[in-house]
Amino acid sequence: MASARKALAAKQPKLGKGRPSTPAAKQAARTKKRLAEQRAALFSSRYLFVQRHLNKTERKTLWRVSRGLPQLQALRAIMEQVYALFDRRCRTQTALDKLAKLRRRVQRFTSLGDTLKKLFAPTLDKALTFLDDRLLPATSNAVERGNRRYRKRQKHVYRVRTQAQIGARLARDMWREAQGEGRHQTLHTLHEARAG
């Protein structure tokens, strides 16, 4: 993104002092203004290149700011392929085939190679194994909050975690989940009684 903005800045024509009077100077001023607006729009809309879901307006904005910049359009297309890897409707083997195809595509774009080098990490293959487990839910904010609570309850030096502490944490989580199921049944019964 930064290199694209620098390239747009380098394309801006040099203007003399004062108001442009000749047709060539007026054309150069219009070109400079258009490129400056595109640079500003590119900076303010940079999040659209990595956002997972885009509505119709955001897609139009993305097309407008990336016009004439094929490397950024390729980046957005690659990001959509990355998000498609984690689609729960796929199996792990399908996702791994998609990943192999995506890696071949990224290798063709040498300018994006450094930016997307994490796609070649071996841990990404392991991260896709959850697709075959239908009972494993996606990580929710509640799970992340529980993990954060656990880390804060411990000492600041993480290497002093013991097996007993980890076991106690798992027991506490299981107890909280068991209470949550009963609470859910109680609320469901109350809602049915109120509706009836």
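A contact denotes heavy atoms within 4.5 Å.

**Figure 1. Overall fold and contacts of the predicted model.** Among the contacts in the chain with a separation of 6 or more, 57% are made by residues 24 or more positions apart. The chain contains eight helices and zero strands, and its pattern along the sequence reads α-α-α-α-α-α-α-α.

Figure 2. The accessible surface amounts to about 15000 Å². Carbon and sulfur atoms contribute 56% of this surface. Of the 196 residues in the chain, 23% are buried.

Figure 3. The relative accessibility of Thr92 is 8%; because buried means under 20% relative accessible area, Thr92 counts as buried. Beyond its neighbours within four places in sequence, Thr92 is in contact with Leu128, Thr129, Leu131 and Asp132.

**Figure 4. Close-up of the positive surface patch that includes Arg148.** The patch is formed by Arg145, Arg148, Arg149, Arg151 and Lys152. Arg148 lies in helix α7, which covers residues 141-153. Arg148 has a relative accessible area of 41%. Patches are made of residues with over 30% relative accessible area, and Arg148 is therefore above that cut-off while being classed as partly exposed.

How values were computed:
Residues are numbered from 1 along each chain as its sequence is written. This is a predicted model: local features need pLDDT of at least 70, side-chain atom pairs count only at pLDDT 80 or more; totals for chains, interfaces and linings use all residues. Side-chain values use heavy atoms; hydrogens and water are left out. Patches are made of residues with over 30% relative accessible area and no salt bridge: like charges are joined within 9 Å, nonpolar side chains (Val, Leu, Ile, Met, Phe, Trp, Tyr) within 5 Å. Accessible areas come from the Shrake-Rupley method with a 1.4 Å probe; for residues, only the protein chains shown count as cover. A salt bridge is a side-chain nitrogen of Lys or Arg within 4 Å of a carboxyl oxygen of Asp or Glu. Lys and Arg count as positive and Asp and Glu as negative; His and the chain ends are not counted. The place of a charge is taken as NZ of Lys, CZ of Arg, CG of Asp or CD of Glu. Helices (H or I, at least four residues) and strands (E, at least two) are DSSP runs, numbered from the N terminus. Buried means under 20% relative accessible area, exposed over 50%, partly exposed in between (1.4 Å probe, protein chains only).
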